[in-house]
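Let's go through this one together, question by question. Have the sequence and the 3D view ready before you start.

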Amino acid sequence: MKIPSLFDDGAEAFRKVPEVDYNHIKGPFDEGLCLLLNTTDHNPHRAEILGIGLSRNQQQAVYVPIRHQGAENVADALPILKQTLQDPSIKKIGHDLKSHIIALKRHGIELRGPLRDTMIASYLLDSNRSNHHLEGLSEEYLQITLRIPDKSRNLSLEEHAELIGERLLCIRRLEEVLFKRLSDSALEGLYNNLEEPLIPILAEMEMVGVKIDSQRLKDLSKELEEQLGSIKARIYSIAGERFNINSTQQLGHILFEKLHLKPTKKTKTGYSTDIDTLSQLATVHELPAEILNYRTLSKLKNTYLDALAEMISPQTGRVHTTLHQAATATGRLSSSDPNLQNIPIRGDWGSRIREAFVAEEGCLLLSSDYSQIELRVLAHMSGDERLIEAFRADKDIHTATAALLFKVSEDHVSREMRRVAKVVNFGILYGMSPYGLSEALKIGTTEAAEYIGNYFNLHRGVKDYIERAIQSARDTGFAYTLFGRRRAIGDINSTNKTLRQQAERIAVNTPIQGTAADLIKIAMIRVNSAIKAQGLTSRLILQIHDELLFETPCQEVETLKGLVKREMEGVETLSVPLKVDIHHGPNWGGAH
DNA sequence: GCCGTCACG
DNA sequence: ACGTACGTGACGGCA
């Protein structure tokens, strides 16, 4: 069998320029303009553009060098391309266009026009993929093996041109294949109305970044350094020797061999020393509590003070996270380098760390979060009467659940009863078993089974929803959100019970988590449009799954508050109201 | 590069 | 007897 080649149907190899014939990249752009940047760095926030590959059809591509040793006058290329790249009537095709938007913006160009992103298309088709790299997609959908550039070697201009060109033609063909599949799978609406408009918004959020009070981080780090020093000394004294507290291996040796404490569970590699184990051991020995304290504080210091400080851009004094639009199986975004979606919030140290996230002079941070969005989505999708009634009456949902579970009136619900009900409510979202609930609540499995049975007797709609979700996954092989986003559930009909049950929990949870993700994405688009339409200068700077964080000039804060509440609560009409809580202050700390 | 652990929703 | 709640990303240790 003949191996298909890129150039089978007469595609031209690349014009290896420095002497660019710009006619090649002038119109017509009936098929859109496909582009691929060649940059010095993977991270677009610091990447310099070495060159840009362009193609206006499936046959031709050119490589335009911007900066290359030995090539003259190449720096003039970007201004010539600017008009075309900024033309909103020309469709732009690319793989991970958000990176392109950011890198080009740093060179003064605003990439505009309908965006056809092959990475996002692949994600909508199969959100379970571990990645959506061009290499893998080309293999799978085009049966073309892309060459990997040899990083240890400086490539010649011709080599750059060839590698970029090869990729460009793959992107063009992928666009055709993937977007055809999107429309065949009824996913085009999700692309056009949700993911595509989100691309420039995420680019903007990353570019704006979040201002950090670096002195505050340093002060907190110093304070923790001192605390950790004294905890460490106590640990060594109790253990009777010095050892690496961070090593689970060495810690296991001290706890379970030297001190003869009882191991309660084990990991693949040895004794478990996780939080559950150590909390239990803390009732019989003084060392485990010290270890837990040490771990908490060293995590805060290492990850959220020292590492975060390193990520502050010297140019902007802000941190510029990367937001991933094609990362999670459910449709949520993720954040990395640094991850700003898991900044501590609980406890004294959580608040103190968030106080280092600040607004620009004359500005405030405004945070708006959906109240109980996943349980509201469950109420809508299940149609459960009691759940719907509770939300319509604007009740505290955990208190309402507790009142039902324990058969008392709502004003007789104790803190403990509410705590149990809260765990049960979250357990429902995750498809928990009696065992899972018993572990979470530290109660017997019989008692846990009673709670669950009790809950389902009171919430027949939820029970039915769970059965429907599982049956639908069995029939279609997918879990679907309210907006048609899908996630393949491969093991739903597995003969392996463990795998099958895991798949069933995914089938129950994904529509809930995924619908909530869809809703907040739509809200981001609406809020951004409304901010623009009203001529405000407030900026959306972060999304944390059910929360949006804005930076806003002090004089705009009241206007923004109204706008955000309106757009977020009105994003979609469900059978229960959506509720948004809003706080603002000079920083992200809890004392707004 | 994987593992255990733990920060968040 | 087994395995046992959904979704992420980052850190330090270790092979």
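Q: In what order do the four strands of the open sheet lie?
A: This is a predicted model, where local features need pLDDT of at least 70, side-chain atom pairs count only at pLDDT 80 or more, and totals for chains, interfaces and linings use all residues. Residues are numbered from 1 along each chain as its sequence is written, chains are lettered from A and ligands numbered from 1 in the order in which they are written, and side-chain values use heavy atoms, with hydrogens and water left out. Strands (E, at least two residues) and helices (H or I, at least four) are DSSP runs, numbered from the N terminus, and two strands pair if DSSP finds at least two bridges between them. Here the pairing is antiparallel, and the order is S15-S16-S12-S17.

Q: Which strands stand at the edges of that sheet?
A: An edge strand has a single partner, so one side of it is left without a neighbour in the sheet.

Q: Which residue in S17 is the bridge partner of serine 368?
A: Strand S12 (residues 363–370) pairs with S17 in the antiparallel sense, over six bridges. For serine 368, the bridge partner in S17 is isoleucine 582.

Q: What angle does the direction of helix H19 make with that of S16?
A: Helix H19 (residues 497–533) packs on the sheet and touches S12, S15 and strand S16 (547–553); contact means heavy atoms within 4.5 Å. Axes are lines fitted to C-alpha atoms, for helices over the stretch in contact, and angles run from 0 to 180 degrees between N-to-C directions. For H19 and S16 the angle is about 15°.

Q: Which element supplies the largest share of the surface near DNA strand C?
A: A residue is near a strand if one of its heavy atoms lies within 4 Å of it. Elements that each supply at least two such residues include helix H8 (248–258), helix H10 (287–310) and helix H15 (415–430). The largest share, six residues, comes from H19.

Q: How far is a phosphate oxygen of DNA strand C from an N or O atom in the side chain of arginine 487?
A: Of the DNA strand C atoms within 4 Å of the protein, 67% belong to sugar or phosphate. A polar contact is a pair of N or O atoms within 3.5 Å; within protein, one must be able to donate a hydrogen and the other to accept it, and residues adjacent in sequence count only if both atoms are side-chain atoms. For arginine 487, the distance is 2.6 Å.

Q: What is the relative accessible area of isoleucine 171?
A: Isoleucine 171 sits in helix H5. Beyond its neighbours within four places in sequence, its contacts include Cys34, Ile93 and Leu134. Isoleucine 171 is buried, and its relative accessible area is 0%.

Key:
Buried < 20%, exposed > 50% of the residue type's maximum accessible area, 1.4 Å probe, protein only.
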